[in-house]
Amino acid sequence: MPARKPKVIVTRRLPDPVETRMRELFDTQLNLNDEPLDRAGLIAAVSSADVIVPTITDRIDAELLSHAGEQLKLIANFGAGVDHIDVAAANARGIAVTNTPGVLTEDTADLTLALMMTVSRRIVEGANVAQAGGFTGWAPTWMMGRRISGKRLGIIGMGRIGQAVARRAKAFGMQIHYHNRKPVSPRIAEDLEATYWESLDQMLARMDIISVNCPHTPATYHLLSARRLKLMQPHAILVNTARGEIIDEGALADQLAKGEIGGAGLDVFEFEPAINPKLLKLPNAVLLPHLGSATVEARTEMGEKVIINIKTWMDGHKPPDRVLTSML
């Protein structure tokens, strides 16, 4: 382990307290203009840094890592998801990968519930009418949505965020159902009064609202395919605060336009930051610009986790949030 401060390259702007602390602890190169690094910039970063701190906007694949210098030993990701990083290729080169799990759980769950209510109660549609000066008075049958109390919620992915969504939904009087690689512990299932579905197809066909809360992996790419989306009930709502690639976005746009699905609340997109043009024109689609962890508290805590991971590595210990291929 070098006695000097490690050279740490941060690819995007982070909260000021995080950047300041990183400058104190490490030989830190910041991205002050906050423009995503292009391929040449990323190559320069991996070829010169001891540690690189990327975000979801940086594609750290095997080809990029082939340019890594021998000194690069840690990729300390700012974020929980690591689908933009080839963890296997990094590990094969002796480069550890860490992430920032846990700290964005509550904020992402809050946003998930917010999207459920926003779509169900047509809040964006109503706000657009009011702000455009089109509100001419209350009417008994105008702008009617649906209540979420008493509805069946199907959660895809019952990890930290999925369980946090379930706790909130239960408080709203919803019936909790879920699909996961394996059932949660009996204690958690009893606490949430959650019903497990081994078959995703069967769950999709019976739910009023579907919430996507699983990670994006090769196994979950287009998990909600055109075929599976057609299983949903015409009044059902789909909410995605996980990763856009889990849903066939083109198929979803087509089915929303045809009224085959009641509505969608999306915080992530398949080809982010690009959004399918069809979705932009649909009144039953609420679209957000990836706000899941966008709170001052979450982003600061994410940065603090990055610092802890780097500092632990500096001290010759295993970082607490190391990501292994067996975990993906």
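Predicted model: local features only at pLDDT ≥ 70, side-chain atom pairs only at ≥ 80, totals over all residues.
I'll start with helix H5, which runs over residues 105-120. How far apart are the end C-alpha atoms of this helix? They are 23 Å apart.

Of its 16 residues, 12 are buried, so the helix is largely enclosed by the rest of the structure. Just after H5 sits Arg122, and its phi is positive, about 55°.

Now to Gln255. This residue belongs to helix H11, residues 249-257. Is Gln255 buried or exposed? Its relative accessibility is 3%, and buried means under 20%, so Gln255 counts as buried. Which residues does Gln255 touch, leaving aside neighbours within four places in sequence? Its contacts are Ala226, Leu229, Lys230, Glu260 and Ile261.

Last, Gly159. Look for Gly159 in the loop that links strand S6, residues 152-156, to helix H7, residues 160-171. Gly159 has a relative accessibility of 35%, which lies between the 20% and 50% cut-offs, so this glycine counts as partly exposed. There is also one distance to give for Gly159: its C-alpha atom is separated by 23 Å from that of Leu288. Along the chain, Gly159 and Leu288 are 129 residues apart.

That is the end of the talk.

Technical notes: Residues numbered from 1 in each chain as written. Heavy atoms only, no water. Helix = DSSP H or I, 4+ residues; strand = E, 2+ residues; numbered from the N terminus. Buried < 20%, exposed > 50% of the residue type's maximum accessible area, 1.4 Å probe, protein only. Contact = heavy atoms within 4.5 Å. Expected span 1.5 Å × (residues − 1).
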